[in-house]
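The sequence and the coordinates are shown first.

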Amino acid sequence: MLIAHKIALDPNNAQATYLARAAGVARFAYNWALAEWKRQYEAHKLDPTLSKPSQAALRRQLNAVKREQFPWMLEVTKNAPQMAIIQLGQAFQNFFAGRARYPQFRKKGRHDRFSLSNDQFSLDDSRIRIPNLGWVRMRETLRFAGKLLSATVSRVADRWYVSLAVDTQDDSPLPPAENQGAVGVDLGVKALATLSTGETIPGPKPHKALLYRLQRLSRSLSRKQKGSANRNKARARLAKLHARIAAIRSDALHQLTTDLTRRFHTIGIEDLNVRGMVRNRRLARSIADMGFFEFRRQLDYKAAMRGGQVVVADRWYPSSKTCSGCGHRLDELPLSVRNWTCPACGAVHDRDVNAAVNLKNMAVSSTVSACGEEGSGRRRKTGAKPASAKQEVSFVHVCT
C-alpha cells in the first residue's frame, strides 16, 4: 500500500529561506516548461515534422540552458526543477486521460512546494536531510515502515511541511478493526454525523466560529496598498487564519474517521452530491464547513488500512424517507421535518437516526448477499480512493 505521511518541519531562518528559494525555482521551472509545451505543441500542429513536446525533452532542454540563462537555479537542489517538470508531464497524462483539467500556471504564495526523489534525501529519526541544505528538524518521526519513494516540501501559510511517500509491504499496516459489527453514518449540517447506534457527533464548524475574525482580516487586507509591506503582513495574517480553520476541520474529521474505522469493520454511507448541494446559497457555507468529501476520502483509505470496507449507497437511495422498521417509504419528507411517524407501523423516527439505520441495513445486506456483484443493488463497494488532486503524489493516501 502506498501511503504519504505529512509532517511539520521546524526550520531556522536560513533554512526557511532556502526552502522558499527552492520552491520558487520549482515554480519557475514548472511555468517555463508549461509555456514551452504550449509553444512546441502549436509549432507541431503547423509543422508535423517537428516532434511533440514531452517532459523528458523539456528536462534536457532546461539542463542545456539553465547555466547561461538561469544561473540562480544552481543555488538549490537540482531535483526541484526536474521533479517539477516530471509533475507537469503527469498533469498532462491526467488531462489526456480525462482525469483532470488542462494544467495551469503555478502562482507564488499558493503553490510553494518542491519535490525530491528517494535518492536525494535521507531520514534520521526526527530529521530529514535535504541536498545543499543539510539536516532539518521534523516535528515527529515517520509512522510507517517501508520503502521511501519521494518527499514533497510545501508551505501552508507560515509553516513548512514535508510529505513522505512510503511503499509499505503490508496491505493492512494498521491493526484490524474491532468486532463491533456494522454501522451506518448519516452526514448532516446540524451535526457532522449521526450513527445508527444513536450517537451524534457535532461538527466543530470552524469557519462559522471564526467568521467575524475572517471578515475583519479580509477588510484589513483590502484596505492596504498593493505592493506594500503592510499588505504582505495582512495577507500573511489572513492566510494563517485560513490555515487554522482548515486544521480544525481536518482534525475533527481525522478523529471521527479513525474512531469509526477502528471500531467497525463495515461502514455504510451515502453518495452525497456535494457539488450540487453547495449550489444552495442558504446552506452552501454550512455544507462546505463540514467537509463531506474529505470525510469520505479519509474513511475509504483508513478502512482499507484496517481491512474493513465502506459500502456506499446509491445517490438516490431514500434513506431518510424509508421506515427502518417496516420498510414503508414516504412520498415526500421536507428538510424541515426532523421527526416523523410511519403511517404503516406507527414507529416514531428521528430523521437522521432512521437514515443511519437504513444505511447500516443496506451495508449488512450487501455484504451477506451471495449475488452482491459490483454495481448491483442499491450500493457500491469501494476500496481505498486515491488522494485528491491537490496532493503532491496523486496515488497515495495522506495521513497527518
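This is a predicted model: local features need pLDDT of at least 70, side-chain atom pairs count only at pLDDT 80 or more; totals for chains, interfaces and linings use all residues.

**Nonpolar cores**

The largest nonpolar core comprises 37 residues. Those with the most contacts inside it are Leu9, Leu19, Phe114, Ile128, Ile130, Val153 and Val162. Two or more residues are contributed by each of the helices α1 (13-46), α2 (55-69) and α3 (79-96), and by each of the strands β2 (113-117), β4 (127-130), β6 (147-156) and β7 (159-167). Helix α1 supplies the largest share, 12 residues.

The surroundings of Ile128 illustrate this packing. With its neighbours within four places in sequence set aside, Ile128 is in contact with Leu9, Phe121, Ser122, Leu123, Gly134, Trp135, Val136, Met138, Ala151, Val162 and Leu164. A second, separate core has 20 residues, including Val185, Ile287, Met290 and Ala303.

**Helix pair α6 and α9**

Two packed helices are described by the angle between their axes and the distance between the axes. For α6 (residues 229-263) and α9 (residues 292-305), the axes come within 9 Å and cross at roughly 40°. The crossing is right-handed. On the α6 side the contact is made by Ser250, Leu253, His254, Leu256, Thr257, Thr258, Leu260 and Thr261. On the α9 side it is made by Glu294, Phe295, Gln298, Leu299, Tyr301, Lys302 and Ala303. By type, the residues of this contact are 7 nonpolar, 6 polar and 2 charged.

**Salt bridges**

Side chains of opposite charge can pair when their charged atoms come close. The structure holds 19 salt bridges, and three of them are tabulated here.

| Asp112 | Arg27 | 3.0 Å |

Asp112 counts as buried because its relative accessible area is 6%, under the 20% limit. Arg27 is likewise buried, at 13%.

Asp271, in the loop between β11 (266-270) and α7 (274-277), is joined to Arg296 of helix α9, 25 residues apart. Asp271 is buried at 13% relative accessibility, and Arg296 is buried at 14%.

Which accessibility class applies to Arg143? Arg143 is partly exposed, with 46% relative accessibility.

Finally, a network of salt bridges links Glu178, Glu199, Asp259, Arg262 and Arg263.

How values were computed. Residues are numbered from 1 along each chain as its sequence is written. Side-chain values use heavy atoms; hydrogens and water are left out. A nonpolar core is a set of buried Ala, Val, Leu, Ile, Met, Phe, Trp, Tyr and Cys residues joined through side-chain atoms within 4.5 Å. Buried means under 20% relative accessible area, exposed over 50%, partly exposed in between (1.4 Å probe, protein chains only). Helices (H or I, at least four residues) and strands (E, at least two) are DSSP runs, numbered from the N terminus. Contact means heavy atoms within 4.5 Å. Axes are lines fitted to C-alpha atoms, for helices over the stretch in contact, and angles run from 0 to 180 degrees between N-to-C directions. A crossing is left-handed if the near helix is turned anticlockwise from the far one by less than a right angle, and right-handed if clockwise. Ala, Val, Leu, Ile, Met, Phe, Trp, Tyr, Cys and Pro count as nonpolar, Asp, Glu, Lys and Arg as charged, and the others, Gly among them, as polar. A salt bridge is a side-chain nitrogen of Lys or Arg within 4 Å of a carboxyl oxygen of Asp or Glu.
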